[in-house]
Amino acid sequence: MNWLKIKNLQAVPLSHIPRLATDELVENMLDQIHTGKRLVQFFANQSGKDLALYTVLADDADSFLVLAAAEVPRSKSFASMTPSAPACHLFEREIYEDYGIMPAGHPWLKPVRKGIAGIEGGEESYHFFHMAGEEVHEVGVGPIHAGVIEPGHFRFSCTGETVHHLEIELGFQHRGIEKLFIKNRRKPFFLLKLAESIAGDTVIGHTGAFVNALEALSGTRVPLRAESIRAIALELERVAVHLGDLSALSGDVAYLTGHSVFAALRTLATNTSLAICGNRFGRGLLAPGGVYSELTVDVVAKIKSVVDELEEKTELAADVLFASASVLSRFEKTGAVSKKTARELGMVGPAARASGIPIDARADFPYGVYASFPVHAFSLSTGDVFARAYVRYVEILQSLRMIREQVESLPNGKIRRPVTDLRPDHLVVSLTEGWRGEIAHIAITDKRGQLCRYKIKDPSFNNWLALALAVRNEGISDFPLCNKSFNLSYCGFDL
Amino acid sequence: MTLIFAVFTFLIAPFLLPGLINKSKALWAGRHGAPIWQPGYDFLKLLRKGQVISKTTSFAFRLAPSVNLAAVILAALIIPMPQQTALLNFPGDFVLFAYALGLARFLLVAAAMDTGSSFEGMGAAREMTFASIVEPAFFMLIGTLALMTRQSSLSAIVANLDDGAGFAMLVKSLGTIVLFIMLLVEGSRGPVDDPNTHLELTMIHEVMILDYSGPDLAFMQYAASLKMVVITTLLANLLIPAGIGPAGAALLFLALFMLVAVGIAGTESLIARLRMSHVPQFIFLMSALALTAFAVVMFFRNGVLR
C-alpha cells in the first residue's frame, strides 16, 4: 500500500497524492479500517473534468494520517464499504448526494442534508424505518421544537415507553457552506466570518481549523504569543460549553441545584471570552496569521482570577452533582454506547472518550501550543450518560489548568503576521479538537493558488448515528437526556 | 369564617401555592424569581386572550376544560376546612370526592387523546398508569381513617381524628406522608413530573394541555392548581389538633400551607426527577404506607392487641 503518510497541517502537493484505482482504494480502506485506522474524511472532488475520491485515515496511536485518491470510474459507482465498515455510511451517502457517485450495495442511501423531498418520487416515496404490531406506536418530534433549539426531525418507533429505533432526519439548516467558501475565495474576511458561522457554538474550534489550514497552505509562521492566545480561547470555549452541558444535563433530570449553579459558572467563562475579544462566543478573535485581540495586563489578571474561581466552584458543584443518588440513578446505564459500537461508527470527541476510546486531536495530532503543552485524553469505559457527563467535568479541569499554564507563560511579541499567498496545487488536512471532538477541514488549492475545494467535517457528523443507537431499548422519556449528553450540532452537520 | 375560607380556597390559594413554590425554587437557585402573584396575573392574562382550537379535535376537547374544572370544584366542596364542616357532606362523601377527581382526570385524558398528538397520547397513558396506583392507595387511607373514627363523611372523619388514642398520632403521620406523595403525583410535581420542562417526551401533565390556549388553558391550569390546594387542605386537616380553637386553626393552616409549598420546592430543588420506569415504585410507597396505617388501626382498634 503506497498511501501518502502525512501529519496534521502538512501541506502536500496534489501530485504527491497516490492515485489508485477505485477498487484498490476501497480495498485498501477496508483493510486499514479493519486493522484499527479511523476514517477521518472520505469525499469527492471535481476539478475541471477530473472527478476523484479522496480518503484520509488516521492512525491515532502513532500520530500520522494517510492519504490517497482514486479517479472515479466511468460507471460512476464503487462497491459500498458500509456493510463491513459502518463508519463509511454517512460519507458514502454524502458522496452520492453531492456527486451522484453510487456506492453500490449501500444499505441506506438516504439523503444526508438536502432533504427527502428532493429524492426521485418526492417525499412520499421515502419510507422511514417502520415497525408493525399491536402495541407499536410512532412518535415524530420536530423539526419545530418547543424550546429554542435547532431543527431536526426525530422519528421513534416504540412499544409503550420503550424505544426500539430512532431515525434522525437532518438538513433543515443546509446553507451550502462548502460552496460559499469557494464562491467567496477572493474575500478573505468574508471567509473568516463564514468559518466562524459553521457552528455557532464552536467558533474557535472551526475558525481555528480554518486559519490553521490557510497558514499551512501559505507557509505562514504564527507568532508564539498568538498561538497561546488561541489555545486560551479554545480551552475557554470548551470550559464554557461543557459547563453549559452539565447545567443542561442537570436541567433535563429536573435537578435544579446543578442546573442553576453550572449555568452561572458558564456565564463566568463566556464573559471572559467577552473580555478577551469583545464577544462571548469568541467571534472576531482569530485571524489568519494570528489573532486580532491583544491580551492586556488587565485581561490576563481577569483570566487568572476567573480560572481560580471556576476551578474551585466547579469542583464543589460537581462533587454535589456526582454524589447525588437521584442524579446518578438517571445518568448511570442510560444511553450506553459500547466501545465496539463507538469504534465501528468512528465516533470522536468526549462521546468517544466516554466509551473507552481515548482519542483527542490535541494529543494525537498536536498543533500550535499543544505540541509543547501535551494534553492527556481522559476516557471512561461505560459509555453512558454518566460517563459523558464525567468526561466533560474532567475536561473542564484539564482545560482550566491549560489556560493557567498559558497565561502564566505567555510569550512576548507580535500577535499577527501577514499571510502570504497560498501555494498552488496543494492539499492540507487541518485537525483541531473542538469541545465536541475532532474537527477536520481539508483545503485544496488550484494551479493559481486559489481555494478550489473546502471540505468541512464537524464532529457531529461522526456522532449522530451513535445517538440513534444509544437510545435503543431506553425509555422514550430518557431521549432528551441522551440527546443532551451528546449535544450534537445541527448546523455543523447540515453545513 | 366559612366565607373567608371559601375565598381563600378558590380565589387566593390556587395562585398563591404555585407562586410560593416558584418563588422558593427561585430563591434556592439564587434568582429573584417571578412575583409571588405571577400565576394570578397569568390567569387573568389568559382569560383575556383568544384561543386556537385544533381542527382535528371534537367536542371532547371543547368540553374538557369546563367539566374538568367543575369536577375539581365539586371535589373541593367536599373537603372540610380546619375545624369546619364542608359545604357538601354526607356519609360516604369521600367516594364522591375520589370520583370527582376521577371524572376530572377522565376528561383531561379524553381531551388529550382527542388531539391525536402522539405526545399527548403518551402523557395520557402515563397519567392513567400512575392514577391507577394512586386511587386505591387513597381509598385505603380514607378507609383506614373511617375505620379509626367510625365515621364515613370526610368532615366527620377529620373532626373525630383526635380521640386521644396513642396510635392515632402514628396513623396521622403515615397519612400525611401518603397525602404528600399524592400531592406530588396529582399536582404533577417533582420527582414524578417536571413542571418546568419544555421537553414534550418527558412530560406528563403539561403535555396533555399542550393544545390549549387562552381561557381554556386558564381553566385547565386553575383546575390543576385547585386540585393541589384541595389535597393540601386535606393534609393540613390531619395535622391540626382539635383543641386549638378556630383562630389558632386558621393560622396553623396558613403556616402548614406555606410549609407544603416550601416542601414541594425543596423536593424539586434537591432531588432529580425519577426515571419514568421508577415512578410506579415511588407511588407504591403510598400504598405501602396506607396499608401500614390500616394494619395499625386493625391491631389497636379492632384487633388482637386491644
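Visitor: What do β4(A) and β5(A) form, and how many residues lie between them?
Guide: β4(A) and β5(A) make a hairpin with 2 residues between them. In the turn, G48(A) has a positive phi of about 65 degrees. Helices (H or I, at least four residues) and strands (E, at least two) are DSSP runs, numbered from the N terminus.

Visitor: What kind of model is this, and how are things numbered?
Guide: The model is predicted: local features need pLDDT of at least 70, side-chain atom pairs count only at pLDDT 80 or more, and totals for chains, interfaces and linings use all residues. Residues are numbered from 1 along each chain as its sequence is written, while chains are lettered from A and ligands numbered from 1 in the order in which they are written.

Visitor: Why is β4(A) described as largely enclosed?
Guide: Because 7 of its 10 residues are buried, β4(A) is largely enclosed by the rest of the structure. A residue is buried if 20 or more other C-beta atoms lie within 10 Å of its own, exposed if 12 or fewer, and partly exposed in between, with C-beta atoms placed from the backbone.

Visitor: Which domains is chain A divided into?
Guide: Chain A has domain 1 (4–112) and domain 2 (187–460), with bounds that come from an automatic or database domain assignment. The C-alpha centres of domain 1 and domain 2 of chain A are 27 Å apart.

Visitor: How many residues of each are in contact?
Guide: In chain A, 23 residues of domain 1 are in contact with 26 residues of domain 2. Two residues are in contact if their C-beta atoms, placed from the backbone, lie within 7 Å. On the side of domain 1 of chain A that touches domain 2 of chain A, the elements giving two or more residues are β2 (12–13) and β4 (38–47) of chain A. β4(A) gives the most to that side, with 7 residues.

Visitor: And how do the residues of that side of domain 1 divide?
Guide: The side of domain 1 of chain A that touches domain 2 of chain A has 14 nonpolar, 7 polar and 2 charged residues. Ala, Val, Leu, Ile, Met, Phe, Trp, Tyr, Cys and Pro count as nonpolar, Asp, Glu, Lys and Arg as charged, and the others, Gly among them, as polar.

Visitor: Changing topic: how many residues does the contact take from chain A and from chain B?
Guide: The contact takes 26 residues from chain A and 23 residues from chain B. Elements of chain A that give two or more residues to the side touching chain B are β9 (136–141), α7 (256–277), α9 (325–331) and α15 (479–486). The largest share of that side, 5 residues, belongs to β9(A). By class, the side of chain A that touches chain B has 12 nonpolar, 10 polar and 4 charged residues.

Visitor: Which sheet order includes β9 of chain A?
Guide: The order is β9-β10-β11 (chain A), an open sheet of 3 strands with antiparallel pairing. β9 and β11 (162–169) of chain A are the edge strands, each pairing on one side only. Strand β10 (residues 153–159) of chain A is joined to β11(A) by 7 bridges, and H153(A) has E169(A) as its bridge partner in β11(A).

Visitor: How many helices and strands does chain B come to?
Guide: The secondary structure of chain B comprises 11 helices and 0 strands, whereas chain A has 16 helices and 16 strands. Buried residues make up 51% of the 306 residues in chain B, and of the 495 residues of chain A, 53% count as buried.

Visitor: What about I209(B): where is it found?
Guide: I209(B) lies in the loop between α8 (205–208) and α9 (214–239) of chain B. I209(B) counts as buried because 24 C-beta neighbours are inside 10 Å. Apart from neighbours within four places in sequence, I209(B) is in contact with L217(B) and M220(B). The C-alpha atoms of I209(B) and G123(B) are separated by 9.5 Å, although these residues are 86 residues apart along the chain.

Technical notes. Pairing = 2+ DSSP bridges.
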